[in-house]
Amino acid sequence: MVIKKGIGVSPGVAIAEALVLDSGQYKIRRKYIHPEQVEGELERLDRAIESAQEEVSDFVEQQKRDNPEIHRIIETHLAFLQDEEIRSGLVSGVKEHGFTPEYAVSRVMGRYIKVFENMQDGIFSTRFSDLHDVEKRLLKHLLGGKEREDLSGITETRVIVARDLTPTQTAALDTSMVAGFATEVGGQTSHTAIVAKSLGIPAVVGIGKLVKDVSVGDLLIIDGTEGVVLINPDEDEVDRYREKSRSFGIYEEIVTKDSALPAVSTDGTPFTVLGNIEFPWEIKNLVKGHADGVGLFRTEFLYLDSLARATSEEAHYEIYSNMVSAVLGQVVTIRTLDLGSDKSPPDFGVGMEANPALGCRSLRFSFVREDLFVTQLRAILRASVNKNVKLMFPLVTSVAELRRARGILSRTMDELRKEGIPFNEDIPVGIMVEVPSAVLIADSLAKEVDFFSIGSNDLIQYALAVDRVNERVAHLYEPAHPAILRLLKMTIDAAAKAEIEVSLCGEMATDPKLAVLLVGLGLTRFSVTPGDIPELKKVLRSVAIVDAKKVAEAALTLATAEEVLNHLKAEVPGLLPRAPY
Ligand code: PEP
Ligand code: MG
């Protein structure tokens, strides 16, 4: 048995066989065949192409029903597999040059990938990642497909082991077949963590070396609460974790059952608990958790890996208005594109940046690609006709930036008016407060917006200079740092003074003791991943505002994160529901 430690980002226990995803390339060395092997090797190549085509065709059919966007992407993979020019390149690699089919595939596909990579045009430049997929699929069939698998077509429940999971991979997941995630990289707020939480499956990220240590079929235990992964555990360990899993299930059931109850503090203050959504299908989890609406729709996930495919105004409008209908009269907060940095497809056309978190991301990217921005604003405005849509700009760092975004919004409204298209003239416009500069000028910003939503995930990253997805510095990513407490207080106070609404939509509120601290700092409005709603509601129902205030006041006097955490651990447990196990 091997035990690995990582960061537990989604609680619970999973016990299942591993499915290892190799996100890297297959390393194919140049190898030659004897002339008498040519015929046999050509047959092997043909069989691999055929099997790959069959596999993709089946997947195309399945996705046509379940996921039209993925379907369109996969259809292009089929076109590549059927392309005559690619095929004759592969055949000539084997026949004329005497390469093994594996090397012919890697060489020919590599050339196409280079050509597409160098294209400036948005649509074509995105195709190289599709070619990568096709190359990996062909190699998988040539190499027997046993060692490394991909996510399509899992037929039994598996724990997914990978270096990291890309948004396309998670979007294509058959979620009913995934018991848990274990990844080499990532931190509390990385994409894999957020997806695992929204799916309600255990996950451990930031483990370091893992992919090479696990083989397909190894039995794995993932303890997402403790951040531990056990590879090939003995029977006693399996029994112990089965018991843990059972008690966690019971705890979850109790918490979920109570989720329909309103969240009101023991001394009578009502809370609003909203949900964070990445993919439109998550809305059903949010309804199940009895959320009060959508506090953050991360719309960039409509673009990731599908630039120019899911970006039409109609596509956006349809998604937004469906969401509005799904939550019937509740608020839907739509954040404009927050692309870049941790939410960046490699092929998005921004180019390589030395510091992507400080680069052309988010609102800055929307200014560069005003065409995409305006398309999205039009769709949001059209969906706002029902009055319960709010619009939110990410990563605002100055009043000038906010004014520029609002200027584009006004011009877009003018356009719609001229075209006679109805929308809510008074649509509430807010900003994410997620960089320290925004906190320091929160009083000025508050005069020009209707609401603040504190993005603690990024606020912590930028204030403490700690990359939120880098496991090497994950121990420094400290929500209880006194600097963070002060930044939060400044933002909440500025909103209160200006009499505008303030909420928090980062992961911070999902830690019960920090949630109590946030209540004490003055927050009554939260937005969290749907799976976290029941527990947060339970915590909020357990506290009295007066007690939480005392806890926060004392916390603000402390000098280190450790002191703050010790203080919270000493003061808060009496107020909280029972821990998972
Ligand atoms: C945040 O930064 O806290 C946030 C909620 O946004 P995201 O995690 O999408 O950056
Ligand atoms: Mg953010």
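The protein chain has 22 helices and 16 strands. The model is predicted.

User: Why is glutamate 226 called partly exposed?
Analyst: Its relative accessibility is 43%. Buried means under 20% and exposed means over 50%, with partly exposed in between, so glutamate 226 counts as partly exposed. This residue lies in the loop between strand S7 (219–223) and strand S8 (228–231).

User: Where is glutamate 226 relative to valine 13?
Analyst: The two are 213 residues apart in sequence, and their C-alpha atoms are 9.4 Å apart in space.

User: Why does glutamate 507 count as buried?
Analyst: Its relative accessibility is 6%. The cut-off for buried is under 20%, so glutamate 507 is called buried. Its place is in the loop between strand S15 (501–504) and helix H19 (512–521).

User: What is in contact with glutamate 507?
Analyst: Leaving aside neighbours within four places in sequence, the contacts of glutamate 507 include Gln188, Lys197, Asn276, Asn457 and Asp532. Each of these has heavy atoms within 4.5 Å of glutamate 507.

User: What makes leucine 395 buried?
Analyst: Leucine 395 has a relative accessible area of 1%, and under 20% means buried. The residue sits in the loop between strand S12 (389–393) and helix H14 (399–418). Not counting residues up to four places away in sequence, leucine 395 touches Arg361, Ser362, Arg364, Glu401, Met432, Glu434, Val435 and Tyr462.

User: How far apart are the C-alpha atoms of leucine 395 and aspartate 458?
Analyst: They are separated by 8.7 Å, while the residues are 63 apart along the chain.

User: Which residues are closest to ligand 1?
Analyst: Ligand 1 is surrounded by 14 residues, and the closest are Arg298, Arg335, Gly455, Asn457 and Arg468.

User: How do you know that arginine 298, arginine 335 and aspartate 458 make polar contacts with ligand 1?
Analyst: The cut-off is a pair of N or O atoms within 3.5 Å. A polar side-chain atom of arginine 298 is 2.6 Å from an oxygen atom of ligand 1. For arginine 335 the distance is 2.8 Å, and for aspartate 458 it is 3.0 Å. Taken alone, ligand 1 exposes 290 Å², and the protein buries 100% of that.

User: How do you know that the span of helix H9 is close to the expected one?
Analyst: Helix H9 (residues 235–257) has 23 residues and reaches 33 Å from its first C-alpha to its last, against 33 Å expected at 1.5 Å a residue. Its buried residues are Glu237, Val238, Tyr241, Lys244, Phe248, Tyr251 and Val255. Their cover includes strand S3 (13–21), S7, S8 and helix H20 (533–542).

User: How much of the protein chain is buried?
Analyst: Buried residues make up 55% of its 581 residues.

Conventions: Residues numbered from 1 in each chain as written. Chains lettered and ligands numbered in written order. Predicted model: local features only at pLDDT ≥ 70, side-chain atom pairs only at ≥ 80, totals over all residues. Heavy atoms only, no water. Helix = DSSP H or I, 4+ residues; strand = E, 2+ residues; numbered from the N terminus. Buried < 20%, exposed > 50% of the residue type's maximum accessible area, 1.4 Å probe, protein only. Expected span 1.5 Å × (residues − 1). Near = heavy atom within 4 Å. Polar contact = N/O pair within 3.5 Å; in protein donor to acceptor, adjacent residues only side chain to side chain. Areas by Shrake-Rupley, 256 points an atom, 1.4 Å probe, with all protein chains shown as cover.
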